[in-house]
Amino acid sequence: MARVLVIRGGAIGDFILTLPAIRLLQENIPDCQLEVLGYPGIADLAVKAGLAQTTRSISDPRLALLFAKNATLDPGLVEYFTSFNLVVSYLFDPDGILRDNLTRIGVKTLLDSPQRIVSGAGHASEQLARPLQKLAMFFEEPHWRSPTFPSSMKKQRIALHTGSGSLTKNWPLEHWQRLITELQEKHPQHSLVGIVGEAEIERGLLPQN
């Protein structure tokens, strides 16, 4: 049985955009035992979607040594990482220290994946899955766009999260309004739910008090 580890930090939106790449791994590696090293609660989405068998917390303080040059890693972590046939990392590693440490302890197949999404280089999920092309794994239209959490329910709930970044980073409010109108027209059988928080006060989506 092939064992695959996907290391993915970041917020919930970043993780959701990575799910199609995780699904691509599951579909192309027979009898794949896939684990996600990420933030508790967020990484669990891969398990709920049936794309991973288990998760492990990336908040383990022992993992900090992975970013120290030539560090001596905990023997338990060495055994953990070397138990995988393939490690796919989405961690920011500009100096290659993480890669060097994992290679030094015996990780044989390691794929570095992009941290930042480049405007005009394709859908974010496509960019996040692009490194998998080195393993002859490619997105196929329109399959990769299919729902990650399929449901047989006739009435579904569509959750919309406007994002928690700055005004320059997020989609303009008028685009969200247009999207909501189109969803209501095309899918009247579904209910829409907005996921908002403190960051939306700045954008005028929530009252000050």
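These legends walk through several close-up views of a predicted model. Local features are described where pLDDT is at least 70, side-chain atom pairs count only at pLDDT 80 or more, and totals for chains, interfaces and linings use all residues. Residues are numbered from 1 along each chain as its sequence is written, and side-chain values use heavy atoms, with hydrogens and water left out.

View 1. Helices (H or I, at least four residues) and strands (E, at least two) are DSSP runs, numbered from the N terminus. The chain has 209 residues, and 36% of them count as buried; buried means under 20% relative accessible area, with a 1.4 Å probe and protein chains only. Contact means heavy atoms within 4.5 Å. Of the contacts between residues at least 6 apart in sequence, 61% join residues at least 24 apart.

**View 2. The largest pocket, with a volume of about 2200 Å³.** On a 1 Å grid over the protein atoms alone, a pocket is an open set of points where a 1.4 Å probe fits, with protein on both sides within 12 Å along at least five of seven lines; lining residues have an atom within 4 Å of a point. Grid points are joined across faces, edges and corners, and the volume is the space filled by probe spheres set on the points. Here 44 residues form the lining, and Gly13, Ile16, Leu17, His123 and Ala159 lie nearest the centre. Helix H1 (12-28), helix H5 (124-129), strand S6 (157-161) and helix H6 (173-186) each supply at least two lining residues, with the largest share, eight residues, coming from H1. By class, the lining has 22 nonpolar, 16 polar and six charged residues. In this grouping, Ala, Val, Leu, Ile, Met, Phe, Trp, Tyr, Cys and Pro are nonpolar, Asp, Glu, Lys and Arg are charged, and the others, Gly among them, are polar.

**View 3. The second largest pocket, holding about 170 Å³ of space.** Twelve residues line this pocket, and Leu160, Thr162, Trp176, Ile180 and Gly194 lie nearest its centre. H6 and strand S7 (191-195) are the elements that give two or more residues to the lining. Nine of the lining residues are nonpolar, three are polar and none is charged.

**View 4. The largest nonpolar core, built from 27 residues.** A nonpolar core is a set of buried Ala, Val, Leu, Ile, Met, Phe, Trp, Tyr and Cys residues joined through side-chain atoms within 4.5 Å. Phe15, Ile22, Leu25, Leu34, Val36, Val88 and Leu132 have the most contacts inside this core. H1 gives the most to the core, with six residues. Look for Leu132: leaving aside neighbours within four places in sequence, Leu132 is in contact with Ala21, Leu24, Leu25, Val88, Leu111 and Met137.

**View 5. Ser125 in helix H5.** Ser125 counts as buried because its relative accessibility is 3%. Not counting residues up to four places away in sequence, Ser125 touches Leu17, Pro20, Phe139 and Trp144.

**View 6. Helix H4 (residues 97-105) and its buried residues, Leu98, Asn101, Leu102 and Ile105.** These residues lie on the same side of H4 because they cover an arc of only 95 degrees around the axis, taken from the directions from the helix axis to the C-beta atoms. They pack against helix H3 (75-82), strand S4 (86-89) and strand S5 (110-112). After H4 comes Gly106, with a positive phi near 120 degrees.

Note on methods
Buried < 20%, exposed > 50% of the residue type's maximum accessible area, 1.4 Å probe, protein only.
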